[in-house]
Amino acid sequence: MALIVHKYGGTSMGSTERIRNVAKRVAKWARAGHQMVVVPSAMSGETNRLLGLAKELAPAKSDDSYSRELDALAATGEQASSALLAIALQAEGMQAVSYAGWQVTIKTNSAYTKARIESIDDQKVRADLNAGKVVIITGFQGMDEGGNVTTLGRGGSDTSAVAIAAALKAHECLIYTDVDGVYTTDPRVVPEARRLHTVSFEEMLEMASMGSKVLQIRSVEFAGKYKVPLRVLSSFTAWDIDIDDEAKSGTLISFEEDENMEQAIVSGIAFNRDEAKISVLGVPDTPGIAYQILGAVAEANIEVDVIIQNISKDGKTDFSFTVHRNDFAKTLELLKSKVVPALGAQEVTGDAKICKVSIVGIGMRSHVGIASKMFGVLAEEGINIQMISTSEIKTSVVIDEKYMELAVRALHKAFDLDQPVN
Ligand code: ADP
Ligand code: ASP
Ligand code: MG
C-alpha cells in the first residue's frame with residue numbers, strides 16, 4: 001500500500017462524463033489498496049470564463065485590490081470541480097471528501113495571481129486517509145497570512161499536486177493530462193513529435209521554464225527540491241486498464257541520468273509566445289545602468305527573462321530584455337515615466353510579436369557546435385534571430401512570432417527528434 005497523488009487537468013475534468021471516468025480510475029487505485037489524494041483543475045475553459053467575466057466589468061489592472069478579487073474568483077473553478085469529483089466518487093461507493101486550499105491549509109505568500117506555496121498542513125488529510133477516505137484537494141490555490149485566497153499562476157494545479165505530494169511524502173505524483181506523456185515538442189504543433197519514456201529532471205526543468213506547458217515550471221522545481229517521483233500520463237485511456245501497466249505508462253521525470261538519455265544531444269524543443277521584448281535605446285554606457293533599469297523592473301515585481309546589452313558606440317548603448325506579455329504595458333509605462341527620464345536615455349521601444357524557441361538536452365554539455373547548428377537551421381529558413389541566450393543544457397533564440405511553427409518544425413527535423421532512439 002502506498003500514498004499516491006493524482007492530478008487531473010482541465011480537459012480531463014471537462015464534463016460530468018469525464019469526471020465520472022476520473023472517479024472510476026481513482027476508485028480503482030484506492031481499491032487496489034492505495035491511499036489516494038486527488039488534485040483536480042477547474043473544468044476546461046472555466047478559469048478563462050471566470051477571468052473573462054472580470055474583464056467585462058473592468059479592464060485588467062495591476063493593483064492588489066483587483067488582483068485579490070481575481071484570485072477569489074478564479075479559485076472557485078477548482079472548488080466546483082473538486083466537489084463534483086467527491087460526489088462522483090461517493091456515487092462509486094467510495095468515501096470521499098474535498099477541501100479548498102484554505103481549508104487544508106495550503107499557506108502561500110500574498111503575491112496574488114502568482115502566489116508561491118510556503119507550507120502545507122497535512123493533519124486533516126492524514127486523518128481522512130487513515131479513516132479510509134479519498135481526499136480531494138483543489139489545485140491552483142491557497143491562502144495567505146491574512147486569510148485571503150490566492151492562486152498560483154496559470155497551470156498552477158501541477159504545482160499544488162507536487163507540493164502536496166512532497167508534504168505528504170507520497171510514493172509518487174501522477175500528472176494525468178490530455179496527452180500521454182512528455183514529447184520531444186508539443187505534439188499539437190509537430191505531429192511527428194515522439195513521446196519520451198523518461199526525461200531527466202534537469203531537462204524537464206528547462207523545457208518547462210522555456211514554455212512547454214505540459215508541466216508548470218514551479219511543479220518541476222518542487223519535484224527537484226523534495227525529490228518527488230513524478231510521471232506524466234494520459235487520462236484518456238480506459239479507466240479499467242491494468243493498474244500495473246498504467247503505473248508504468250507515460251513519461252517518468254527521472255533524477256538519474258541513464259545511458260539512453262545521454263544518447264540524445266537535444267531531447268526536446270520548447271517554445272513560448274508569452275513574452276514581449278523591450279529595448280531602451282541610447283543609454284549612457286556607465287556602471288550601474290543594468291541595475292537602474294532592471295532594478296526598477298524587479299521592484300515592480302516583474303520578471304525579466306532574456307537580456308542583452310549591445311557594444312557601446314560614442315559612450316551610448318542599447319539595452320534589451322524580455323518580460324511576460326501580461327507585464328508588457330506595465331513595464332513600458334514604468335520605463336517611460338520613471339527610468340528613462342532619470343537615465344537620460346533616448347527612447348524606449350517594445351515588440352509584443354516575438355516568441356522564444358529553445359533546444360534542450362543534457363547532451364549539449366559534452367558536445368560542441370549544437371548552438372551553431374541551430375543558428376544554421378534558422379538561417380536556412382530565412383529566420384532572423386533577435387536575441388540569444390544559453391545555459392549549459394539549452395540554447396534559446398528570440399524570433400518574430402510569425403516564424404515560430406516553422407522554426408520548431410525545422411529544428412525538430414534537423415536534430416532528428418522524429419527518429420526513434422534505439
Ligand atoms: P492540463 O489541463 O492537463 O494541465 P495542459 O494544457 O496544461 O493540460 O498541458 C498539456 C498540453 O501541453 C498538451 O495538450 C500539449 O499541447 C502541451 N505541450 C506542450 N509541450 C509539450 C510537450 N513537450 N509534451 C507534451 N505536451 C506538451
Ligand atoms: N485552472 C487553472 C488554469 O487554467 C490551473 C490549472 O489548470 O492548472 O490555469
Ligand atoms: Mg496544465
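This is a predicted model: local features need pLDDT of at least 70, side-chain atom pairs count only at pLDDT 80 or more; totals for chains, interfaces and linings use all residues.

Reader: Thanks! How many helices and strands does the chain have?
Author: The chain has 14 helices and 20 strands (DSSP runs, H or I of at least four residues for helices and E of at least two for strands, numbered from the N terminus). Its radius of gyration is 23 Å, close to the 22 Å that the globule rule gives for 422 residues, so the chain is as compact as a globular protein of that length. That radius is taken over C-alpha atoms, and the rule is 2.2 Å times the number of residues to the power 0.38.

Reader: And what share of the residues is buried?
Author: Buried residues make up 50% of the 422. Buried means under 20% relative accessible area, exposed over 50%, and partly exposed in between, with a 1.4 Å probe and protein chains only.

Reader: Switching topic: how many aromatic pairs are there?
Author: There are four. Rings of Phe, Tyr and Trp (its six-membered ring) pair if their centres lie within 6.5 Å; planes under 30 degrees apart count as stacked, over 60 as edge-to-face and the rest as tilted. One of the pairs is Tyr8 with Tyr176, stacked at 4.7 Å centre to centre and 15 degrees between the planes.

Reader: Where do those two sit in the chain?
Author: Tyr8 is in strand β1 (residues 3-8) and Tyr176 in strand β9 (residues 172-177), 168 residues apart, so the pair links distant parts of the chain. Tyr8 counts as buried because its relative accessibility is 0%, and Tyr176 is buried at 0% too.

Reader: Nice. Which residues surround ligand 2?
Author: Ser41, Thr47, Glu78, Phe140, Arg154, Gly155, Gly156 and Ser157 do, each with a heavy atom within 4 Å of the ligand.

Reader: What polar contacts does the ligand make, say with Ser41?
Author: A polar side-chain atom of Ser41 lies 3.1 Å from an oxygen atom of ligand 2, and a backbone N or O atom of Ser157 is 3.0 Å from a ligand oxygen. Here a polar contact is a pair of N or O atoms within 3.5 Å.

Note on methods. Residues are numbered from 1 along each chain as its sequence is written. Chains are lettered from A and ligands numbered from 1 in the order in which they are written. Side-chain values use heavy atoms; hydrogens and water are left out. A polar contact is a pair of N or O atoms within 3.5 Å; within protein, one must be able to donate a hydrogen and the other to accept it, and residues adjacent in sequence count only if both atoms are side-chain atoms.
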